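Work through the exercises below with the sequence and the 3D structure open. Try each task before reading its solution.

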Amino acid sequence: MSVVLGVGGRPSSDPGALVALVQQQLAAHGLSPADVDTVATIEARAGHPGVQLLAVSLDAGIRAFTADELAAQPVAHPSATVASHSGTPSVAEAAVLAAGASPLAQPAKADDWVVVIGRSNSAPGLEGQVARPESGRSRPGAAAPSHDLAHHGDVEVEAGMLDFAVNVHADEPPAFLAEALRGAVADLARYPDPTRATHAVARAHGIDPESVLLTHGAAEAFGLVAQQPWERPAVVHPQFTEPEAALRAHGHDPARLLLTAETGFRLTSTDPRGADLVIVGNPTNPTSRLHPRGALRGFAQDGVTVLVDEAFLDVVEPIDAPRDSLVRDAATDPRLLVTRSLTKTYSIAGLRIGYLVGHPDVLRRLAARRSPWPVSTLAAVAAEACVSPEGLAYAAGVRRQLPEQLAALVATLSARGFTVVDDPRGPFVLAQHPEATRIREELRARKIAVRRADTFPGLDGTWLRFAARGPAGTSALADALDDLAR
């Protein structure tokens, strides 16, 4: 069966939410993605990142109609509200009809998207009218997506497992933070206001509050940056895959600037190679490499914006006494942006809180398309608590423990046949072993989770990432590896 998907949505609608809604609706009707030939919508939404992402994920074409063409369709579910915003009383249902298909069900709605599934009545004549989108802006040398960019360490871990896969410091938040969150529950009847937390973060860094934008985790920051009209974005790899995934979700085709094991995954050049956006982690996940701040600044040439992901830098240095951080530079330099996360060190990954630092003019532009109230009351309270004197003292304690934990982990792995990337500075190490896949699977059978690394561009199945843990955890890992060697 040839299927047409009619799609309508708002400019601010989340691309991922559309893909999820379509997957749900196809499954509910016993259809597969391969059945879909066409994504039909109004001209004003044909270039929306969500529509582009959906078409690419389904290998389908996009067919766009004018508002007048859609308004002429005899739909069963017209809407005066839709008409006032788009000039036609229906978009999704009308697009199915305009594409020569018959709706199979009523419109499905979720997260400001509307989807209608239709059976094509004229499939043989349709193909020539469909324009197939590219996955983004193409350039000579741009790398095709060949890794599972959506894979994260949490999927490696099941209940009861010893966790070396997720880079979260502890199993639960520290007591002072848990107490602050409990105390904020009474405020949940009011709409969130991140002003106090924003000022607290700015004060801790010694920068202007207008240079701080609290975000729904670092992931939202990557999405805000990815929404911009970059022509030649690039990502330094191997590194956390979420920035590239965000760029692709918003219609870009980023180039990959690959670092190699031969150089210890160090930056040997700051040539942006024609890019207008360069994204790099510091310290980088998964290599645990800390890059010199001067090298990172070297990317920020005329016409080039540099986004530095400092999610783990708070375990390297105090945020109020920076040596390697570019936060203070980014607060005044429009060519620099820095993302920070509070979820790892303070063990609140489920709360989603981070922040973006940049020139105030740049932040205003990035925030223009945000959904209302993206940072919850609890998230804002957590941010304020994390940068309080008690919160900074807690991070200092984590920093004091980390070198010993890393040294023990490196020694454990090196003594058992692993080649470990030298001088790790993040709370994890990257290690290579010719039998890495077998080792990971056998450790899993022994209830120990480690992070596969072949999902990071630039790495293959011989690499694994291990989170730093305390003496008891590292000893248990050593015993398990010894068992595998017997």
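The exercises that follow concern a predicted model.

**Exercise 1.** Decide whether R256 is buried or exposed, and find the side chain it contacts.

*Solution.* 
Step 1. Locate the residue: R256 sits in strand 10, which covers residues 255–258.
Step 2. Apply the cut-off, under which buried means under 20% relative accessible area. R256 has 12% relative accessibility, so it counts as buried.
Step 3. Look for a polar partner. The side chains of R256 and E244 are joined by a polar contact of 2.7 Å.

**Exercise 2.** Describe the residues 161–471 that UniProt lists as a domain.

*Solution.* 
Step 1. Take the name from the record: an unreviewed UniProt entry gives residues 161–471 as "domain: Aminotransferase class I/classII large".
Step 2. Read the secondary structure of the span, which is 33% helix and 17% strand.
Step 3. Compare the ends: the C-alpha atoms of the end residues lie 16 Å apart.

**Exercise 3.** Identify the largest nonpolar core and the residues with the most contacts inside it.

*Solution.* 
Step 1. The largest nonpolar core holds 56 residues.
Step 2. Those with the most contacts inside this core are L177, L214, V236, Y346, I353 and V357.
Step 3. Helix 13 (residues 377–386) contributes the largest share of the core, 6 residues.
Step 4. Note a second, separate core of 26 residues, with L413, I448, F466 and L484 among them.

**Exercise 4.** List the buried residues of helix 7 and state which elements they pack against.

*Solution.* 
Step 1. In helix 7 (residues 195–205), the buried residues are A197, T198, A200, V201, A202, A204 and H205.
Step 2. These buried residues pack against strand 8 (212–215), helix 11 (327–330), strand 13 (336–341), strand 14 (354–358) and helix 13.
Step 3. Check the residue just after helix 7: G206 has a positive phi of about 75 degrees.

**Exercise 5.** Characterise the second largest pocket by its space and its lining.

*Solution.* 
Step 1. The second largest pocket contains about 700 Å³ of space.
Step 2. It is lined by 26 residues, of which G8, G9, V82, V91 and V114 are the closest to its centre.
Step 3. Elements giving two or more residues to the lining are strand 1 (3–9), helix 4 (80–86), helix 5 (92–98), strand 5 (108–110) and strand 6 (113–120).
Step 4. Helix 4 supplies the largest share of this lining, 4 residues.

Key. Residues numbered from 1 in each chain as written. Predicted model: local features only at pLDDT ≥ 70, side-chain atom pairs only at ≥ 80, totals over all residues. Heavy atoms only, no water. Buried < 20%, exposed > 50% of the residue type's maximum accessible area, 1.4 Å probe, protein only. Polar contact = N/O pair within 3.5 Å; in protein donor to acceptor, adjacent residues only side chain to side chain. UniProt positions renumbered as here; feature names shortened; annotations may be inferred. Core = buried A, V, L, I, M, F, W, Y, C linked by side-chain atoms within 4.5 Å. 1 Å grid on protein atoms, 1.4 Å probe; cavity = no way out; pocket = protein on both sides within 12 Å on 5 of 7 lines; lining within 4 Å. Points joined across faces, edges and corners; volume = space filled by probe spheres on them. Contact = heavy atoms within 4.5 Å.
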